[in-house]
Amino acid sequence: MKKLFSVLAAALLAACCTQEAEQKDCLMWYDSPAQIWLEALPLGNSHMGAMVYGGVPSEQIQFNEETFWSGGPHNNNSTQSLEHLQEVRNLIFEGREEEAEEMINQYFIPGPHGMRFLSLGSLFLDFEGMQEPQDYCRQLDLAKAVATTSFTSGGVKYTRTAFTSLPDGVMAVQLTADKKGAISFKTRYENVFETAVSAQDNVLTAVVKGVEQEGIPAALTAYNRMEFFGDGKIEASADAISVQGATKVTILISAATNFVNYKDVSGDPQARNEEYLSKVRGKSFKSLQKRHQKAFAEQFGRVVLDLEDGDNAKLPTDKRLDAFYGSDDMGMVALMFNYGRYLLISSSQPGGQAANLQGVWNDKRDAPWDSKYTININAEMNYWPAEVTNIPETAEPLFSMIKDLSETGAITARQMYGAGGWMAHHNTDIWRIAGPVDAAAWGMYPSGGAWLATHLWEHYLFSQDKDFLREWYPVLKGAADFYLDYLQPLPGTNYLVVVPSTSPEHGPMGKRSTITAGCTMDNQIVHDALSSVLEAATILGIDQDYCQTLKATLSRIPPMQVGQYGQLQEWIQDGDDPNDQHRHISHLYGLYPSNQISPFSTPELFQAAKVTLEQRGDMATGWSLGWKTNFWARMQDGDHAFTIISNMLRLLPSERGSRTHPFGRTFPNLFDAHPPFQIDGNFGVTAGIAEMLLQSHDGAVQLLPALPSAWKDGSVKGLRARGNYTVDIEWEDGRIKEARILSGSGGSLTLRTPLPVQGYDSVKKSGSGITVYETIIDTKPNKSYTLNF
C-alpha cells in the first residue's frame, strides 16, 4: 500500500510539474532542491549565465558574466622559435622527435598559458519561517527558457520564476506567495574572489575584482547590480537587502565588466548595467517574460524532435536519466537533444562571446582547463549543432572570435614561423592568444585556426549566402596562406607536410614523443583549408593565379593510408596500437566533421575508419562519446550510434561519483561529464542525433541515414541541410513515411532515401554494404516539396 501511495504521489507531482510544458520532452524537473552546482538549473542569454538551486530556507543563484576573465590584454608568442624552427624540423625528419620536443618546450612555449573564466559569485536569499516543504518541484522549461520552483510550506504555496532575458540582457526573478505578506528574507552575497558588497535603498551591488594569472595583471572588474521591487518593506543595510511581509517580489539583475575587446578594457561597467536596467524598470514581470519567451522560441522552436517516451518519462529528470540505460524511454534522447540546443542558444548569441569549455557557466575559483577555448576539438564541437539544428545565429560569436584570431594569429604566424596568413595553436582565451600553451605534447598543434575557419565555409554551404562568403573570404584565405608557407617537403617523397605538429594529445607506437610531421589530421585539415578557398575563389570569380598555387599544393598533400591492422593510419607511419582506446580519434576528422571519407566514393577508407572506431571502443570521456555518436552516424550504423548515446546517458551524481557510478557520463542537471563538466559533449551528442536523421556532406541530402531500431516511430521538423534546405521527416515502424523539403535557394537536389520516392525516378545506389535510392529533384527557390514513400 505504501509503495502504491508513493507511486501515485510521484505521478501527481509529475503532473503538477509538467502541466505547463507545451512541447514534448522539453521539461527538466526535480522533486528536491539542488545540493550541488551540478544539480542546479542553468539559465543564460549569452551575456549572463546563472545557476538556480531552488533551495527552500535559502535560495542560491550563482552568476557568470561572459567577459569576466583573469589577466588582461597580452600575447604569448615566442620570440625564439623562428631561429630554432629549421633545427626542430630536421630533428623530426631524422626520427629524433624527443630532442625536437625538448627544443620546442624550451624555445617555442614561453607562456603564459591562457587566462581563465571567472565566477561572479552567488546571491543567497535567506527566508524566515520556512518549514519542511510539501509538493516540492523545480523545473526548467527548455522551450520557454524559464526556471520555476514551487512548494508549500506552513500552508502557504510559494512560487519562484526566473529567466535571463534574451532580448533585454538582464535576469529577472519573481517570488510569489498565495498568502498576503508571507515572503520575508535577507540577502547574502558570497564569492571565491575579492568582492565588495554594498546596499542602498533597493539596490544590492557586488563589485568583483579580477585576478592576475601567470604574471598577467588583472585588467577587468565586474559589477553585479541587483534591484529589488515588491509590496513589502524593503530596506538596505551595509551589505544586504531585507524584505519583510511581501506577497510578491521582483528582482532585476544585470552584470557587466570593463571589457570592450581583446585589446581594449576601457569600458564602463556601471554605465552598461544602467543601460540594461533602465530599459526594463517599470515594466511588468509578465511583459518581460512574454518578450523573453517569444525571442527564445523564435530560435528554439524551429526544430521539433518527437521520439517515443517510455514509462520512465514520468520520473524526475535525474531519476529518469539513471533509469534510461536499457529502457524504452527514447524521449530521454529527445530531451538531451533539446537541452543541447537550449544550452547553445543560452550561451552564444550575436554580439557576445563564443561559448567556452563550460558554455557561460562556472562556479569554481579555478575552472577545469581554465574553461578556455580548446581548439583541437572542443570549441569546434560546441558549434556542430549550429547549422544542422537551425540556430545559425549562435555561431556569430564564434565567427567574431575567428576574426580576432585572424589578427592576433597573423602576428603569431609571422613572429614564430616566418609565415604569412594567420594561425592558432590548440588553445585560446578572451584575449585571443594564438601561441602554444601547456607543453609541446599538447601545444605544438598549428592547425587550430584552420579548423575554426572551416566553420565559415560550412556556414556558406548551409546558407548559400555569397555576401557572407565574400566578407569572410580574406579570413579563409589567410588560413590557407599560412599553410602555403608552413608546409615542408617530406624527405625522400614529393609530399608537403605540416611540421612540427602533433596528432592531438596522442603519439604512435615506438615513439616516446607526440611530436611528428604530416599526421593524418593535419593533412585532412590542410585539404579542407585549401580546397574551401579554391572553391570560394571560383564561386566569387577571383584569384585565378592563386587558385593554381592551391591546386599544385593540394596535389602534394599525403593521402590517407590504411595500416597493417586494416585501420585508418593516424600518422604518416603505421604506428597505431590496435589495443589503444584513446579518447582523441583525430585522424577520423576526415569522416566527421569533414567529408573526405564516404561509403560510396572512398569505400576502402570508409572500411578502415570503421576498423579504427571498433578498435577505440564504445566507452570514453563524455565529449569523446559526443564525437563517436557523429562518427557512427556517418558510418550509417544507427544502432551503434545509439549504443554510444546510451553510454553517454548514464548518471554521474557528482564529480566525485565515479566510485559508485564508474560509467557515469552525465550529471544530474544533464551537463556532460568528462568528468569534470565540459559542455562540448552536450553539443556533440546533439549534433550526432541530428546526423543520424539527416546528412548532407557527401554530395546529396540523405534522409534517415542512421535510424536506430530503437527509434521505431518518430518525426523531426526543421533540420537544415547544405544547399539551403530545411527538412521535415516522419517515419513509422522503422520505415520512412513522408518528408517535406523547403528549398531556400533552388537548384538541382540530389536526394538519398532508404526507399524510393513515389512519383519520381529513384535509382538504387550501393557502396560499403549501404543501399540507398537516389532521386534528382529540380527545386525552385522558396518552394516546399512533399515526398511520400
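Which residues does Met-560 touch, not counting residues up to four places away in sequence? Met-560 touches Thr-520, Gln-524, Leu-568, Gln-596, Ile-597 and Leu-605, where contact means heavy atoms within 4.5 Å. The residue is found in the loop between α15 (544-554) and α16. Helices (H or I, at least four residues) and strands (E, at least two) are DSSP runs, numbered from the N terminus. Met-560 and Pro-578 are 18 residues apart in sequence, and their C-alpha atoms are 18 Å apart in space.

The structure is a predicted model, in which local features need pLDDT of at least 70 and side-chain atom pairs count only at pLDDT 80 or more, whereas totals for chains, interfaces and linings use all residues. Residues are numbered from 1 along each chain as its sequence is written, and side-chain values use heavy atoms, with hydrogens and water left out.

**Helix packing**

Axes are lines fitted to C-alpha atoms, for helices over the stretch in contact, and angles run from 0 to 180 degrees between N-to-C directions.

| Helix pair | Angle | Axis separation |
|---|---|---|
| α5 (residues 285-300) and α7 (residues 331-347) | about 125° | 10 Å |
| α12 and α13 (residues 466-486) | about 155° | 10 Å |
| α16 (residues 603-616) and α17 (residues 622-634) | about 145° | 11 Å |

Angles under 35 degrees count as roughly parallel, over 145 as roughly antiparallel, 65 to 115 as roughly perpendicular and the rest as oblique. Phe-296, Gln-299 and Phe-300 of α5 meet Asn-338, Arg-341, Tyr-342, Ile-345 and Ser-346 of α7. This contact comprises 4 nonpolar, 3 polar and 1 charged residues. In these classes, Ala, Val, Leu, Ile, Met, Phe, Trp, Tyr, Cys and Pro count as nonpolar, Asp, Glu, Lys and Arg as charged, and the others, Gly among them, as polar.

At about 155°, α12 and α13 are roughly antiparallel to each other, and their crossing is left-handed. Residues making the contact include Leu-456, Trp-457 and Tyr-460 of α12 and Phe-468, Trp-472 and Leu-476 of α13. By class, the contact of α12 with α13 has 12 nonpolar, 1 polar and 1 charged residues.

α16 also passes α17 in a left-handed crossing. Phe-606, Lys-610, Leu-613, Glu-614 and Arg-616 of α16 meet Lys-628, Phe-631, Trp-632 and Arg-634 of α17. Here the classes are 4 nonpolar, no polar and 5 charged residues.

**Pocket and cavities**

On a 1 Å grid over the protein atoms alone, a cavity is a set of points where a 1.4 Å probe fits but cannot get out, and a pocket is an open set with protein on both sides within 12 Å along at least five of seven lines; lining residues have an atom within 4 Å of a point. Grid points are joined across faces, edges and corners, and a volume is the space filled by probe spheres set on the points.

The largest pocket holds about 890 Å³ of space. Its lining has 46 residues, of which Glu-458, Leu-461, Phe-462, His-697 and Arg-722 lie nearest the centre. α12 gives the most to this lining, with 8 residues. The lining of the largest pocket divides into 21 nonpolar, 17 polar and 8 charged residues.

There are 7 cavities of 30 Å³ or more. The largest cavity holds about 70 Å³; of the 13 residues lining it, Gln-636, Gln-695, His-697, Asp-698 and Gln-702 are the closest to its centre.

How values were computed: A crossing is left-handed if the near helix is turned anticlockwise from the far one by less than a right angle, and right-handed if clockwise.
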